[in-house]
Amino acid sequence: MENDTYRKQFDSYCRSVWDSAGSDPALFPDEARKKRMKEKILNRIDAQEDAERMFRKKKKRILVLLSSCAAAVILAVVTISLLLPDGRKELEYEVVADRGQKSSVTLPDGSRVWLNSASRICYSSDFNRNRRDIVLEGEAYFEVAKNEKIPFIVYASGMSVRAVGTEFNVRNYPEEGEVRATLVEGQVIASANGESASLRYGQEAVLDKSSGIMSSGQAADLNHLVPWRKSEILLSGESLEKLSGVLSRLYNVDIVFEDERIKEYTYTGLIRNNSLQNVLELISNTSPVKYEMNGDCIVFKAKYN
């Protein structure tokens with residue numbers, strides 16, 4: 001409604017006041033009162049017009065929103081249709097443990113998985129319907145719920161580990177040259193490049209990533225099959241370079257070598273639940289290596305040049 005329309009209504013109102021006033025001047029508004037009345041009415045007119053404009057805008061937004069919602073529903077239906085049977089594409093779930101952290105998850109079939117630092121597992125939304133497949137990068141310990149009809153299979157860089165109901169550990173860090181599966185309880189079948197090995201308690205299967213050759217045998221230490229679960233570091237002649245990779249993941253630090261030659265120093269033993277500072281002191285006290293800490297960066301140096 002325009003201002004002119006309201007002004008006409010105002011004039012009509014004034015005439016009605018004149019007619020009702022008759023010959024009594026006290027009932028008729030003087031010019032000052034008339035001006036104030038006019039201003040008040042026009043202000044109310046402007047306020048009403050603003051309200052109407054706001055209503056029209058809201059109405060337009062609602063219509064647009066409804067259109068958007070309709071489009072979203074259509075898109076959702078299309079997306080869901082792509083995920084349903086008969087050529088559907090499955091969703092993928094991922095569980096991650098960052099550097100310096102560990103995590104665990106219970107899978108839809110009731111199986112439990114514990115992830116070591118800098119590790120991740122992936123599985124699809126049809127897990128436990130027709131298959132129980134897991135893709136692993138890093139290291140994880142699996143406690144598998146028994147289901148003879150649907151085998152539990154872990155895929156790790158060329159090796160697959162098949163289990164029904166058992167407990168085992170798989171180590172598959174990208175920077176390491178091997179994949180290692182260690183059986184703790186029950187039985188699993190490790191396979192790679194057409195070769196298979198049935199593992200029992202305390203046995204391991206190791207795949208050399210470069211050659212593709214898989215070997216199997218008894219684990220080096222039956223008392224410490226999965227040391228990381230107990231916050232332990234088991235060393236069996238590992239080089240300082242490999243140990244540095246473990247420390248980097250475990251304590252979320254970067255490690256730099258000032259002298260390349262010290263990378264080849266080797267270490268054997270069991271390190272129990274120690275702080276990073278204690279581990280570094282242990283390295284320094286058992287080899288000609290010293291270190292410096294600069295925030296989250298550790299620099300290894302040779303003690304004697």
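In this predicted model, helix α3 contributes six residues to the lining of the second largest pocket, the most of any element. The space in this pocket amounts to about 210 Å³. Its lining consists of Glu175, Glu176, Gly177, Glu178, Glu241, Lys242, Ser244, Gly245, Ser248, Arg249, Ile255 and Phe257. Two or more of the lining residues come from each of α3 and β15 (254–257). By residue class, six members of the lining are charged, four are polar and two are nonpolar.

Helix α3 itself covers residues 240–251. Several of its residues are buried, namely Leu240, Leu243, Ser244, Val246, Leu247, Ser248 and Arg249. Of these buried residues, Ser244, Ser248 and Arg249 also line the second largest pocket. Just after the helix, Asn252 adopts a positive phi of about 55 degrees.

Helix α3 also takes part in the largest pocket, where at least two lining residues come from each of β8 (167–172), β9 (178–185), β14 (232–239), α3 and β16 (266–272). The largest pocket holds about 800 Å³ of space. It is lined by 37 residues, among which Glu139, Arg171, Pro227, Leu234 and Glu238 are the closest to the pocket centre. The lining of the largest pocket comprises 15 nonpolar, nine polar and 13 charged residues.

Terms used. Residues are numbered from 1 along each chain as its sequence is written. This is a predicted model: local features need pLDDT of at least 70, side-chain atom pairs count only at pLDDT 80 or more; totals for chains, interfaces and linings use all residues. Side-chain values use heavy atoms; hydrogens and water are left out. Helices (H or I, at least four residues) and strands (E, at least two) are DSSP runs, numbered from the N terminus. The expected span of a helix is 1.5 Å times one less than its number of residues. Buried means under 20% relative accessible area, exposed over 50%, partly exposed in between (1.4 Å probe, protein chains only). On a 1 Å grid over the protein atoms alone, a cavity is a set of points where a 1.4 Å probe fits but cannot get out, and a pocket is an open set with protein on both sides within 12 Å along at least five of seven lines; lining residues have an atom within 4 Å of a point. Grid points are joined across faces, edges and corners, and a volume is the space filled by probe spheres set on the points. Ala, Val, Leu, Ile, Met, Phe, Trp, Tyr, Cys and Pro count as nonpolar, Asp, Glu, Lys and Arg as charged, and the others, Gly among them, as polar.
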